[in-house]
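The exercises below are intended for a reader who has the model open.

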Protein chains: 2
Amino acid sequence: MATLGDLERTVMDLLWTTPEAMTANELRDAIAEAPSGEVGRELAVTTVLTVLSRLEKKGLVTRERDSRPHRYMSVTSREDHTAELMHEVLVTAPDREAVLARFIGSVSDAEAQTLRKLLGGS
Amino acid sequence: MATLGDLERTVMDLLWTTPEAMTANELRDAIAEAPSGEVGRELAVTTVLTVLSRLEKKGLVTRERDSRPHRYMSVTSREDHTAELMHEVLVTAPDREAVLARFIGSVSDAEAQTLRKLLGGS
DNA sequence: AATGTTCTTCTACACATCGTAGAACATGTG
DNA sequence: CACATGTTCTACGATGTGTAGAAGAACATT
């Protein structure tokens with residue numbers, strides 16, 4: 001199960017919210033001005049590169065290797081990734097119906113409404 | 001996020017599938033004859049106790065401290081725990097609606113059916 | 001081609017978690 | 001009290017993560 005550390009998470013968040021692929025330097029700068037992590041963290045570029053390599057090994061990130069400063073991008077959208085994780089969690093339990101029942105109970109009314117709409121037809 | 005190791009998982013599985021609270025020795029024996037873990041693992045009782053302590057610290061397990069061989073039991077059902085995990089994952093994404101859309105795309109027809117039933121009314 | 005600049009990979013270390021268990025301590029029984 | 005049985009403390013190796021310097025590769029400029 002691909003569980004992310006804090007910094008890995010931060011990097012993924014940036015890659016997910018930024019439309020274009022980013023270089024390690026751009027990422028370092030973005031982390032420095034991070035509105036998310038309260039404290040502006042001044043990381044070395046190599047740190048960011050190490051994290052990116054690890055994320056690449058986990059299959060969450062790819063890079064354009066030809067363009068000189070390599071440009072990194074996420075392989076899947078945050079939504080796809082999150083949904084996939086949810087599914088991975090779901091299938092760890094033998095009685096999925098029961099799990100879903102509890103799960104439904106935990107979502108907000110708005111979300112329940114969304115689900116109804118999505119499941120609508122058939 | 002409470003992510004479990006392999007042995008921790010095995011122990012939780014046993015606690016979840018056994019109706020009564022169990023002692024460390026009972027757990028050790030159950031693990032030895034584990035039909036799940038293919039290989040019969042002969043663990044020391046202290047190993048099991050350590051794992052139980054850690055699970056207790058994580059809030060997944062309690063024990064009756066008065067009865068002499070302490071009896072351990074899970075705090076929540078596997079279904080509750082799994083549903084809670086799913087919810088924790090869900091809320092990591094800003095656009096939950098989009099996540100849910102992907103998610104229901106990934107569940108089986110039977111599960112979708114269940115969800116419809118559960119959401120039915122209102 | 002030689003040199004400097006920029007980027008990437010290798011190597012490394014500290015810290016946390018987990019599997020594993022012995023040593024030491026506690027408790028109840030004969 | 002001595003013994004058996006159970007629990008806590010301490011510990012060590014393996015792996016994952018945050019962190020970054022050192023070394024190597026590639027490009028631009030003279």
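The model is predicted, so local features need pLDDT of at least 70 and side-chain atom pairs count only at pLDDT 80 or more, while totals for chains, interfaces and linings use all residues. Residues are numbered from 1 along each chain as its sequence is written, chains are lettered from A and ligands numbered from 1 in the order in which they are written, and side-chain values use heavy atoms, with hydrogens and water left out.

**Exercise 1.** Describe the setting of R9(A).

Solution. R9(A) belongs to helix 1 of chain A, residues 6-17; helices here are DSSP runs (H or I, at least four residues), numbered from the N terminus.

R9(A) counts as partly exposed because its relative accessibility is 21%; buried means under 20%, exposed over 50%, and partly exposed in between (1.4 Å probe, protein chains only).

Step three: list the partners. Apart from neighbours within four places in sequence, R9(A) is in contact with L4(A), W16(A), R78(A) and T92(B), where contact means heavy atoms within 4.5 Å.

**Exercise 2.** Characterise the interface between chain B and chain A.

Solution. In chain B, 38 residues are in contact with 38 residues of chain A. The two chains bury about 3,600 Å² between them, 69% of it on carbon and sulfur atoms; buried area is the accessible area (1.4 Å probe) that two parts lose on being put together, summed over both. On the chain B side, E79(B), M86(B) and L119(B) lose the most area to chain A, together 18% of what that side buries.

Step two: examine the charged pairs. The rule finds four salt bridges across the interface, a salt bridge being a side-chain nitrogen of Lys or Arg within 4 Å of a carboxyl oxygen of Asp or Glu. One of them joins the side chains of D80(B) and R102(A), at 2.8 Å from N to O.

Step three: identify the elements. Helix 4 (78-90), helix 5 (96-106) and helix 6 (109-119) of chain B each supply at least two residues to the side that touches chain A. By class, that side has 19 nonpolar, nine polar and 10 charged residues.

**Exercise 3.** Which residues come nearest to DNA strand D, and which helix gives the most to the surface near it?

Solution. Step one: of the 23 residues around DNA strand D, D6(A), L7(A), T50(A), R63(B) and H70(B) come nearest; a residue is near a strand if one of its heavy atoms lies within 4 Å of it.

**Exercise 4.** Examine the surroundings of DNA strand C.

Solution. Step one: 23 residues surround DNA strand C, and the closest are R63(A), H70(A), D6(B), L7(B) and R54(B).

Step two: a phosphate oxygen of DNA strand C lies 2.7 Å from a side-chain N or O atom of R63(A). For the side chain of T47(B) the corresponding distance is 3.1 Å, and for a polar side-chain atom of R41(B) it is 3.4 Å.

Step three: the largest share of this surface, four residues, comes from helix 3 of chain B.

Key. Nonpolar A, V, L, I, M, F, W, Y, C, P; charged D, E, K, R; others polar. Polar contact = N/O pair within 3.5 Å; in protein donor to acceptor, adjacent residues only side chain to side chain.
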